[in-house]
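Hi,

Here is the structure for you to look over. My notes follow below it.

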Amino acid sequence: MAIQKKLRAILTDEGVLIKSQSHHMFSKHGQLRNGDSLSLLSCLSCLDDGALSSDGGSFNEDDSLELLPFNTTIPFNRILNAKYVNTSSTGLDSSKLSPDPFQHENASSSSENDEGENRSLSNDKSQQVQPTASNLHPSSTKHQWDSKTTKIDASADASRDGSPMLGMKDNQHLIDLTFAVPKGHDVVPQKLRLLIDHVSKKTRTNSKGQSVTFGVVEEILEKSYENSKRNRSILVIINPHGGKGTAKTLFLTKARPILIESGCKIEIAYTKYARHAIDIAKDLDISKYDTIACASGDGIPYEVINGLYRRPDRVEAFNKLAVTQLPCGSGNAMSISCHWTNNPSYAALCLVKSIETRIDLMCCSQPSYMNEWPRLSFLSQTYGVIAESDINTEFIRWMGPIRFNLGVAFNIFQGKKYPCEVFVKYAAKSKKELKVHFLENKDKNTGCLTFEPNLHPNSSSDLVSKNNNNTKNELSPNFLTEDNFRLRYPMTEPVPSDWEKMDSDLTDNLTIFYTGKMPYIAKDTKFFPAALPADGTIDLVITDARIPVTKMTPILLSLDKGSHVLEPEVVHSKIVAYKIIPKVKTGLFSVDGEKFPLEPLQVEIMPMLCKTLLRNGRYIDTEFETM
Ligand SMILES: Nc1ncnc2c1ncn2[C@@H]1O[C@H](COP(=O)(O)OP(=O)(O)OP(=O)(O)O)[C@@H](O)[C@H]1O
């Protein structure tokens, strides 16, 4: 009968293992051949490789790998959703089920048009209601099947425990599985109807204190979202001008499908003027969301963080909301550092699978605005040749990231210097101390909120590294209090006695002053390879204009590898606060890529102020320890 010809599968520690009854289930190119409608399962084999390239690229995007005709595993870290197929209450005989495993699929039915108005994009009901511990109980059998629209209502569907239909054994369950597959340079949702042979051994305690065995869907979803939060409520802020005007299309075509299929609830706000995201964050109803995703460059997350900071209820806002980026701008340092990718579809997959983590911010004060609002910075502050190059090459914006490198090289080879005074409170002054600090802190996962030790030691899940020595984190969801926002070193007070004044022989000849919190400042620019999410320090890099061009050239050329910090001519320290007083008459600071006035600037670390989403609960691996 028809059901015997369906794809059959079992659960393993790694994922859903597709078994075939027929040796001819897959063609050479991964197409199903058993008479069912064909589904191209290209590159399921490379799904096993969840590793993103450490250079800030994306996952293994090679879809030309040999296909696995049998025993193909869909890893849990690529599974977006699972639902029971409801057959018993439909009047349908299982033998009459469509042979096409996709015919009854209910793709996201959000019917929004593509206009640039702010509007709700809540996905349809089937996406909002997910199988949960409470609605998966087998006794609940409220089934709905709209045969006209062939939609499966998840609320009904999820209420069922996959009880066997005609021709199925007790331990068999018919489910619809949605998972992410590579396609070209992206990852896209794919759906498959599977007959799963499974008897769950997992139990949970229900609201009455009884021990209840997991349903297979519940077990799949639990393993697929281990350590991460399911069904996020996301406010997506799109800068329609971001990424040379491509941000909106990038989000809608690449990121949104992954979010929708994962059961996220989405609303979109478009920025209508410069700095609009500050106002959006300042005024939004924080009870409606748990995540703000900036489909933009790094400018919008900067604005969102500063908008939240200006709220009277900022403690609640920073306790509740995670701020993340879907890389749709020209500078996407946050996504490269946090999601380990510059690709919006892979970043969306990382978003739904990530670990909520508290990261440090930096609080910036300058005379012209410190009495109003100090500015929070999540990425970097720079003065000197890079600040000038980044901002002053805006006129060649159309060139994309390369404009940054051209500007830097141009000014460096002109031998420009930017005299200043710098006062620093060190955490690790020498390169040796810095390395010790890095090694001591890199596996601590200090800010992880949802981290738990790997429940499945044999699992290949990449959510949790097997060889780290993490323990369950004790951070409370209401970790922050107003005290966390208090400045330890107000600019109005004299420089504290435990700060050191840097040698003026160096600072009078300074070319680059760069402080940062994330490893990548742009694609292929690993400027702060020792940066850690929540180690309570800022990384400082300084260069001297007297470095000969013959030595400066290799330093600049090693920015992609991050090994520039090892060069003896480059100052590299970890600090908790600093004050820089420029001595030049014209110029600027750049804070998170934004233009700031040429005035004394004082910055201090704000430990774990911002909740964000990190793949594996950590920044992209910079390989600093092996440099
Ligand atoms: N509708 C708008 N009109 C004009 N400016 C806008 C608008 N929306 C946002 N902006 C501004 O655009 C700037 C850059 O935003 P974003 O970082 O998203 O883009 P980007 O493509 O990465 O640009 P950049 O090259 O500056 O990094 C921000 O300063 C923001 O205030």
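**A strand pair, the chain and the ligand shell**

Strand β2 (residues 15-19) pairs with β3 in the antiparallel sense, over 4 bridges. Pairing here takes at least two DSSP bridges between two strands. Val16 has Ile74 of β3 as its bridge partner.

This is a predicted model: local features need pLDDT of at least 70, side-chain atom pairs count only at pLDDT 80 or more, and totals for chains, interfaces and linings use all residues. Residues are numbered from 1 along each chain as its sequence is written.

Back to β3 (residues 72-75), which is covered on both faces. Thr72 and Ile74 are buried on one side, Thr73 and Pro75 on the other. Buried means 20 or more other C-beta atoms within 10 Å of the residue's own, with C-beta atoms placed from the backbone. In a regular strand, side chains alternate between the two faces of the sheet.

Now the whole protein chain. It has 15 helices and 26 strands. These are DSSP runs, numbered from the N terminus: helices are H or I with at least four residues, strands are E with at least two. Of the 627 residues, 50% are buried.

Last, the ligand. 20 residues surround the ligand, each with its backbone-placed C-beta atom within 6 Å. The closest are Thr271, Ser296, Gly297, Gly299 and Gly329. α4 (242-245) and α7 (299-309) each supply at least two shell residues. α7 gives the largest share, 3 residues. By type, the shell has 3 nonpolar, 13 polar and 4 charged residues. Asp, Glu, Lys and Arg count as charged; Ala, Val, Leu, Ile, Met, Phe, Trp, Tyr, Cys and Pro as nonpolar; the others, Gly among them, as polar.

Best wishes

Technical notes: Buried ≥ 20, exposed ≤ 12 C-beta atoms within 10 Å, placed from the backbone.
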